[in-house]
Every structure is written in structure tokens, then in C-alpha cells.
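Q: I am new to this structure and would like a close look at one part of it. Please take me through that part step by step, then show me what lies around it.

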Amino acid sequence: MRDALNLALKEELARDNSVFLMGEEVAEYQGAYKVTRGLLEEFGPKRVIDTPITELGFAGLGVGAAMVGLRPIIEFMTFNFSILATDQIINSAAKMRYMSGGQFKMPLVFRGPNGSAYQVSSQHSQALESWYAYFPGLKVVMPSTPADAKGLLKSAIRDDDPVIFLEQERMYGMKGEVPDDDDFTIPLGVADIKREGKDATIIARSLMVPTALQAAEQLEKEGVSCEVIDPRTIRPLDIKTIIESVKKTNRAVVAEESHAFASVGAEITAQINEHAFDYLDAPVKRLSGADVPMPYAKNLEQMAIPDVAAIVAAVKEVSYM
Amino acid sequence: MPKLSPTMEEGQLARWLKKEGDMVSMGEPLAEIDTDKATMEMQALSNGVLRKILIQEGESAPLGRPIAIIGEADEDISEVLKTAGSAKPAKAEAAPEQPPEPTAAAAIEAKPGEAGPAGSASGDGRQPAAAQTGRVFISPIAARMANEAGLDFKAIQGSGPGGRIVKRDVEAAINNKQTAAPQRTGIGKPLPRRGEKGVVYGPSDYRDEPVSEMRRTIARRLVTSLGPIPHFFLTSEIDMERAADTRRSINELYPDLKLSINDLIIKVAAVSLIQHPQVNASFQDKTIRYYEHADIGVAVATENGLITPIIRAAELKALPDIAAEVRELADRARARKLKPEEYTGATFSISNLGMFGIEEFTAVINPPEGAILAVGAMAPKALVKDGQVAVRQTMRVTLSCDHRAIDGATGAKFLQTFKQIMENPLYLFLD
């Protein structure tokens with residue numbers, strides 16, 4: 001996954017001179033998670049820029065650069081630190097195109113890891129997608145495989161709107177086939193059916209996708225055929241693919257790492273109720289992170305995030321098993 | 001007392017399979033219970049010791065009445081015993097077959113510290129959704145499927161939480177509906193199209209349907225009661241005044257036709273059979289065969305004995321054709337010139353001993369047919385009509401049915417239709 005992201009950055013930096021990368025430790029240190037390895041060497045300090053620890057500042061620099069025609073990629077070491085930059089992201093990046101009557105485009109990517117890692121506790125384990133998905137004007141992307149990561153990041157960089165690109169620290173080491181075609185892109189706003197099934201639909205994103213796939217495999221052995229849908233893009237959301245699947249299976253489980261309240265899962269559930277009510281055989285079941293700040297203790301941390309067993313149990317619940 | 005059949009309202013304890021003091025585990029057979037339909041095994045809903053039996057063998061209890069208490073060996077059950085004694089079944093005590101959640105098991109499981117049976121687990125039991133509140137709980141897709149299949153979902157038992165009817169329940173109901181014999185009763189429906197002249201009908205087509213477990217048991221038990229075919233008999237007295245008039249009028253119009261009352265009976269029986277396909281049937285051990293046409297065997301006495309030439313697809317044939325065909329077949333029967341296919345494979349038979357002055361008799365079914373109609377003599381008789389005694393032509397018919405395939409009510413409904421048309425043959429012309 002790490003290398004797929006690196007490849008996407010490298011290809012896009014090479015393809016378009018207006019693309020540049022900026023963030024904490026992205027250049028000399030080659031990235032806190034080594035996603036930007038080798039980029040300083042290849043593209044030089046004008047295009048791969050280390051910043052001070054000033055999230056609001058360099059996010060603002062990115063917005064300005066985008067307004068004058070560059071295509072900045074701003075890395076947050078983790079999205080927990082993007083909280084400091086939300087004024088620039090929400091008040092500037094998300095609204096500039098609208099408030100200027102379309103005179104300014106905003107070809108800007110904010111990227112970095114989102115969600116839980118390993119024992120980094122309450123302040124460093126937050127899944128913030130619902131924050132950014134909430135505001136009109138931002139696109140929000142959450143890949144779950146190396147290939148998706150590459151194709152989606154390239155699309156995000158080429159997009160003329162600001163994109164929040166949410167990676168997952170636990171998934172940086174994930175292995176998978178990646179097309180080496182340097183024009184390989186995946187369009188934003190298109191969900192992917194990660195596994196086809198007929199009895200229940202599991203809607204999962206990011207870290208929950210591999211978890212859901214494992215659950216589906218286990219359930220298959222028990223005679224329940226699960227369809228696993230990865231929306232890949234939260235904004236715009238490909239609700240059509242989800243609805244079609246639910247109409248087929250009549251049952252839905254939404255799994256997410258984030259807290260439940262006003263979450264992306266809540267939104268998906270609401271839309272299923274709006275568009276597929278007549279096809280449901282059971283209430284849509286949501287699985288979310290525990291409604292507490294992330295505990296530091298390893299055992300509690302594990303319990304705070306939905307796991308394979310929880311998804312299996314949820315699918316059985318909606319299947320009345 | 002759990003609900004063990006969809007229509008069950010109370011159950012009789014046939015046999016306890018455990019005695020007081022026995023350890024029981026969840027799912028283990030606890031008792032045998034006679035429901036309105038069958039004797040069902042009831043399984044324990046929780047682990048523990050069978051502390052107290054409240055309903056003895058042979059006693060009955062309405063749904064939801066506690067029948068026993070399962071608890072820990074040393075648990076104090078005096079409180080539960082007190083509550084259990086009251087006649088009014090608490091909602092929570094309606095024990096489900098399989099508790100979906102632990103709270104439901106509290107129905108007959110006495111747990112220390114629990115508020116008591118009445119307070120807990122409301123509506124987790126698997127009962128028809130409407131049982132408690134009159135409201136049916138059904139999932140949207142299940143409602144939609146039931147609607148599309150034309151099913152009345154109020155009759156479906158829900159297997160979801162709180163008795164919610166879910167997709168699989170409707171699917172099961174649709175499957176049942178497809179295998180059940182079509183229900184066509186009453187005379188309101190249009191009669192089948194008349195057969196085209198000159199068309200020769202072969203033996204009737206049919207469909208074979210699997211014999212249900214219940215039907216198999218009926219067959220097995222009844223066969224031991226009366227010969228290899230368990231007969232039962234249904235007799236009906238028919239006012240033949242209009243039938244006789246009809247016959248007379250037709251014969252006045254067509255003197256050559258020589259239409260007999262028996263010809264009319266064949267036609268009416270055939271038309272009635274089509275409306276009651278359950279009677280136009282044959283028990284085939286593993287399946288019950290339902291015929292599409294009414295191939296009527298007509299018993300003809302010859303010097304050598306009884307033979308039953310067949311009027312194929314009699315429901316489709318016009319009265320003059322039936323009259324001509326019967327006469328022709330009977331002549332050849334007496335001359336012993338019938339081909340085997342002309343006297344084998346009827347779906348229903350009629351035996352008429354009226355010409356011998358027999359008022360009423362029972363006929364023996366000609367296997368594998370499912371029924372035979374014994375027709376007595378038509379004679380004037382004092383009948384009470386609208387509170388007045390009147391002299392009317394009457395006739396008594398007796399239907400013998402094979403109880404393995406046909407139940408009493410099924411035969412009775414057929415006979416009701418037969419009588420209705422016979423008493424007013426105009427129905428035949430409402431084609």
C-alpha cells in the first residue's frame with residue numbers, strides 16, 4: 001500500500017510540473033510512514049517541501065498555491081493533526097470555488113493516515129471522515145487496497161476540487177497487485193463490489209474492508225453468501241451500487257471504524273432506508289467504533305473497533321440466524 | 001405452553017419426557033404435547049434442573065400458561081410458583097420454541113434477582129405477530145413478497161424477533177401454497193369450456209403431488225380400520241323436480257335423444273369434480289394424483305358382471321354427446337366388445353341402482369379412483385319446502401371416499417356443489 005501511494009505520487013509529480021508535495025517530514029526524512037520515500041531525491045526541494053509543525057499555516061499555503069494554478073498535495077502526518085487546519089480546509093478550500101463564482105479552482109489534495117493505529121491512544125486514533133464528508137465542496141476518498149490507493153490518489157491529484165484522501169496506518173504494509181500503468185486511475189464516486197453475494201450486503205470502507213472480507217469468508221462456510229461493497233469514495237457517495245445490492249440481498253450491515261453518532265455509516269443507513277425500504281427484511285445493522293475516546297490498553301483498543309466476529313454476528317442478526 | 005402449530009390455542013400434555021429433579025439442557029426434548037394438529041415434541045428452552053411440573057400428563061393448558069419450572073438445583077422458586085399458579089398467562093411466559101435472546105428463556109427459567117416472569121422479555125417469543133396486540137409485524141420485503149404472491153400474511157407465523165414475519169416465512173408460505181391443491185369451491189365460477197365436437201379425449205392428464213407427512217399418517221392409520229381402502233360415506237337427499245323437468249323439456253325438443261337422468265348426473269358430477277379437484281384424485285402412496293379432467297366411469301351391469309365404461313372429459317361434453325356415448329358404450333359392454341382403454345383409468349365412478357328401486361346404498365371404490373357416487377331411485381316424496389310439506393321428486397346419493405386422499409369436509413363440499421347444480425340444472429348452461 002505504501003509503495004502504491006508512493007508510485008502514484010511519483011507518477012503524478014513526473015507527469016505534471018504544477019504538482020508539488022508539502023508537509024511535515026515529507027522530504028529529508030522521506031515521510032513519517034515512508035510514503036514519500038525517494039521523492040525529494042527525484043524531484044528536488046522545490047517540489048517536495050518540508051514544513052514546520054504548523055498545520056494551519058501550510059494548509060493555507062496549499063490553498064493559496066491552488067488558487068494561483070498549482071496542484072498541491074498536502075500531507076498531514078496523521079489526520080488527527082488536520083484538526084488544527086480545519087479552518088483552511090473547511091472555510092477556505094471547501095468554499096473557494098463556490099464563493100468566487102467558479103473563478104478559482106481548488107486542485108488540492110490533503111492526504112495522510114486516518115483512524116486507528118497501534119496503541120497511539122485517544123488523540124491519535126481518530127477516524128474523521130464524517131467531519132469532512134459533512135461539508136459540501138470537499139471530496140473524500142478512502143482506499144482499501146494498494147491498487148485502489150494508486151488509482152484513486154492519481155484521480156484525486158488530477159481533480160480540480162479539493163480532495164481529502166484518507167489512508168490507514170494499519171494498512172500501509174498491506175500487499176496487493178498494483179497496475180504499473182502510469183495512466184491507471186480509478187474514477188472518484190464509483191463503489192467497488194469487493195465480493196459478490198446474495199444473502200446480505202456488508203458496506204465497509206478502509207480498514208473494515210479486509211475485515212468484512214474475512215467475515216464473508218467465514219459466513220460462506222456457514223451458508224450465508226455476503227456481498228461486500230466498498231464505496232471507496234465517501235463524497236461523492238455511490239449510493240446506487242449500495243442500493244442495488246441491498247435490493248438483491250434484502251439485508252445490510254454497515255461496518256466502520258469511526259464512532260457511530262452522525263457517522264458516514266449513519267448516512268449510508270439513512271439512504272438505504274430512503275431508497276430501499278421496501279426491500280429490507282431486517283433493520284439495517286450498524287457496527288461502529290465504541291463511543292469512547294480510543295483506549296490506550298491493547299485489549300481495550302481491540303474491543304473498540306469492529307472485528308471479524310462482530311461482523312459475522314451482525315450478518316447473522318440481520319439474517320435472523 | 002409454547003405455540004407448536006400455527007393455529008394452536010391450547011395444548012394437552014401427552015407425556016413428560018423428564019421428571020422433576022432431572023437435569024435438562026437447552027434443546028433437549030422435555031415433553032410431548034398434543035396440539036390441534038399433531039403430537040409435537042417440546043424442547044427445553046434453557047439449561048437447569050426440572051424443578052416443578054405444573055401441568056400433569058393428560059391436562060391441557062392455554063398458550064403461555066407455565067407448564068413447568070426449570071431453575072438451578074438450589075434456587076428458591078416459591079415466588080415463581082406463586083405467579084405461575086395464577087390463571088392469567090403473562091406475556092413473557094409465552095415460551096418460544098427457540099429463544100432468540102436469553103431474556104426470552106426467562107419464561108420458564110427462574111433466575112434469582114429477576115423481576116419475575118411478568119416483567120421481562122415482552123414479545124420475544126415466537127408467536128404469530130398478531131397474537132398479542134392485533135398488529136402484524138412484518139419486514140418490508142416480506143410484506144411486499146406476500147402482497148405480490150397474493151398471500152394473506154396475517155395467517156403466516158413469523159420467525160423473526162417478536163414474531164416478525166420475515167422473508168423466509170413468506171418464502172415458505174409461497175412454497176406451501178404452490179404444493180397445496182387449488183381451492184375452487186362454489187358455483188360462482190364459470191364452468192369449463194365445452195368440448196369441441198368430434199374431439200376424442202384420451203385418458204386425463206394429471207399432476208402428482210407429494211403426500212404430506214400428515215396425509216401419510218392418515219393413510220396409514222385409516223387403512224387399518226376398513227379394508228385396504230379406508231372408505232367413508234356421505235349421503236345427500238336431492239330435490240330432483242327441476243332435473244326431471246329439464247330432462248323432460250330436452251326430450252320434448254329432441255325426442256330421439258332419449259336423455260336419461262343418469263346422463264344428467266354424469267354431467268353434473270363431472271362439472272362438480274372440476275370445481276373440487278381434491279375429489280377428482282387418486283391416492284398413490286407417495287403422491288396424490290389430481291386429474292385435470294373428469295373421466296367418469298359408468299357402472300353397467302352385464303350378464304357377466306359389472307363393467308365401467310368411461311366417459312372421458314365429461315365436463316367438456318354436451319349432454320346429447322354424453323347420452324349418445326353412454327348408450328353406445330353400454331351396448332358394446334353388454335356385447336363384450338369394449339376395448340381395455342374404454343373401461344380402465346377413470347378418475348371417478350358413478351353407480352346407479354335406481355332402476356332396481358334401491359333408495360340408497362353405498363358403493364365400493366374402484367381403485368385407484370378416490371371416490372364413487374352411488375345413486376338411488378328417483379321417487380316422489382313428501383319434502384318440507386319453505387315450511388310447507390310438498391310432494392317432490394327426490395333422489396338420494398351416497399359418495400364413498402378414500403379417506404387417504406379425501407377428507408370429510410372435502411367430500412361434503414363436492415356433494416354440496418353436486419346437489420346445488422342437480423337441484424337447479426340451469427347452472428349447467430351458465431357456461
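Which residues of H3(A) are buried?

A: A word on the source before the details: this is a predicted model.

The buried residues in H3(A) are Glu55(A), Phe58(A), Ala59(A), Gly62(A), Val63(A) and Ala66(A). Look down the axis of H3(A): these buried residues fall within an arc of 150°, so they line one face of the helix.

What covers them? The cover includes E1, E3, helix H4 (86-93) and helix H5 (96-99) of chain A.

Now the helix itself. H3(A) has 13 residues. From its first C-alpha to its last it reaches 18 Å, close to the 18 Å expected at 1.5 Å a residue. After the helix comes Gly69(A). The phi of Gly69(A) is positive, near 105°.

Next, the sheet beside the helix. It is an open sheet of 7 strands in chain A, with mixed pairing. The strand order is E2-E1-E3-E4-E6-E5-E10. Its edge strands are E2 (48-50) and E10 (233-235) of chain A, and each pairs on one side only. On average, neighbouring strands of this sheet are turned by 20° against each other, direction ignored. Helix H3 (residues 55-67) of chain A packs on this sheet. There it touches strand E1 (19-23) and strand E3 (71-75) of chain A. The direction of the helix makes about 165° with that of E3(A).

Strand E5 (residues 139-141) of chain A is joined to E10(A) by 2 bridges, and the two run antiparallel. Within this pair, Val141(A) stands opposite Thr233(A) in E10(A).

Step back to the whole chain. Chain A has 12 helices and 12 strands. It has 321 residues, and 53% of them count as buried. Take the contacts in chain A with a separation of 6 or more: residues 24 or more positions apart account for 78% of them.

Chain A also meets chain B. Here 8 residues of chain A are in contact with 9 residues of chain B. On the chain A side, the touching residues divide into 5 nonpolar, 1 polar and 2 charged.

Helix H8 (residues 261-275) of chain B has 15 residues, which should span 21 Å at 1.5 Å a residue. Its end C-alpha atoms are 21 Å apart, which agrees. Of the 15 residues of H8(B), 13 are buried, so the helix is largely enclosed by the rest of the structure.

Chain B has an open sheet too. It has 3 strands, in the order E9-E12-E11, and the pairing is antiparallel. Strand E9 (206-210) and strand E11 (281-283) of chain B stand at the edges. Each has a single partner strand, so one side of each is left without a neighbour in the sheet. Neighbouring strands here are turned by 20° against each other on average, direction ignored. E9(B) pairs with strand E12 (residues 287-291) of chain B over 5 bridges. In that pair, Asp208(B) stands opposite Arg289(B) in E12(B).

Last, more strand pairs of chain B. Strand E1 (residues 10-16) and strand E3 (residues 29-34) of chain B pair in the antiparallel sense over 4 bridges. Gln12(B) stands opposite Asp34(B) in E3(B). E3(B) is also joined to strand E4 (residues 39-43) of chain B by 5 bridges, again antiparallel. There, Pro29(B) stands opposite Gln43(B) in E4(B).

Conventions. Residues are numbered from 1 along each chain as its sequence is written. Chains are lettered from A and ligands numbered from 1 in the order in which they are written. This is a predicted model: local features need pLDDT of at least 70, side-chain atom pairs count only at pLDDT 80 or more; totals for chains, interfaces and linings use all residues. Two strands pair if DSSP finds at least two bridges between them. Axes are lines fitted to C-alpha atoms, for helices over the stretch in contact, and angles run from 0 to 180 degrees between N-to-C directions. Two residues are in contact if their C-beta atoms, placed from the backbone, lie within 7 Å. Ala, Val, Leu, Ile, Met, Phe, Trp, Tyr, Cys and Pro count as nonpolar, Asp, Glu, Lys and Arg as charged, and the others, Gly among them, as polar. The expected span of a helix is 1.5 Å times one less than its number of residues. A residue is buried if 20 or more other C-beta atoms lie within 10 Å of its own, exposed if 12 or fewer, and partly exposed in between; C-beta atoms are placed from the backbone. The arc is that of the directions from the helix axis to the C-beta atoms.
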